[in-house]
Amino acid sequence: MSTVSTPMVSSAPLINRDRVIDWLGIAPFVIFSLLFLIIPTLYLVAGAFLTPEGSFTLKNIGDLFTPSIMSAYWISIRVSVASALGGALIGFFLAWAVVLGGLPNSVRSTLLTFSGVASNFAGVPLAFAFLATLGRTGLVTVFLREWFDFNLYSTGFNLLSFFGLTITYMYFQIPLMVLILTPALDGMKKEWREASQILGATNRQYWTMVAMPILWPSLLGTTLLLFANAFGAIATAFALTGSSLNIVPILLYAQIRGDVLHNANLGYAIALGMIVITGVSNILYLMLRMRAERWQK
């Protein structure tokens, strides 16, 4: 008498425990992003097209083209462009010196450590540091006047101005450039230089025809990131210049919270303009970074 054995069918669990644990791991980040980034951004975008009573309007968008607001945007763009270009230029040569310049490894590690700290040093502490250094009674100003009989402010220099705010921003722009560009310089392969030398290229031809075309997307993309970084900064500018320099973040602060210029919906429209400008800069940065990563694969 023969018996027929039936195969055991194991049913897979409906819920993958490992997958649930993975999602729980990123849940705090998702919740944080929703509460403090995505939902507030959507609220600002919607508020830009509403009246205080809740009706749809385009007046807030139209008011962005008034002379005072356009002037604030123009000043912010100029400060952001100047600090981004200055930070990119100086940061590039610093990164090149520690990666390709033959400096000791201790110099590289020290510079990268300092850059990691300085790139996040902003706000009121940074403004106070520059006032204590280059203010009218700052350390460097007094030193130049007492020891060299040179009055820095008699030359027209003013820390509470466009130029003063630009050099203050460059304090955290330069380290950020070093941190982002160093991996791109590390990705430059020795075989590229050796191949160019075998073909008879000079050092100048290597940099102009091989190295710079490869580094150009990284350089331009990082400069755009520096622009967006400076365009959205408010704490340093407000602590340093107060309301004497009418940049967009300070104007936005006055519109939403101020006692005189209180117009929240116009403030939402100003914020929308900032989102568009910084968003375009970041999208271009991501596109250029993706192009630069092709050479590092």
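At what angle do helix α3 and helix α7 pack? Select residues 67-99 for α3 and residues 162-186 for α7: they pack at about 40°, and their axes are 6 Å apart. Helices here are DSSP runs of H or I with at least four residues, numbered from the N terminus; axes are lines fitted to C-alpha atoms over the stretch in contact, and angles run from 0 to 180 degrees between N-to-C directions. That angle makes α3 oblique to α7, oblique being whatever is left after under 35 degrees (roughly parallel), over 145 (roughly antiparallel) and 65 to 115 (roughly perpendicular).

Before moving on, know that this is a predicted model, where local features need pLDDT of at least 70 and side-chain atom pairs pLDDT 80 or more, while totals for chains, interfaces and linings use all residues. Residues count from 1 along each chain as its sequence is written, and side-chain values use heavy atoms, without hydrogens and water.

Next, pick two stretches that the unreviewed UniProt entry annotates as "transmembrane region", 206-227 and 233-254 among them; such annotations may be inferred rather than shown by experiment. Residues 206-227 are 100% helix, with end C-alpha atoms 29 Å apart. Residues 233-254 are 64% helix and 0% strand, with end C-alpha atoms 15 Å apart.

Last stop: Thr-241, in helix α10 (residues 235-241). Is Thr-241 buried or exposed? Thr-241 counts as buried because its relative accessibility is 7% (buried is under 20%, exposed over 50%, partly exposed in between, with a 1.4 Å probe and protein chains only). Show its side chain, and you'll find it reaching the backbone oxygen of Ala-237 at 2.8 Å.

Definitions and conventions
Helix = DSSP H or I, 4+ residues; strand = E, 2+ residues; numbered from the N terminus. Polar contact = N/O pair within 3.5 Å; in protein donor to acceptor, adjacent residues only side chain to side chain.
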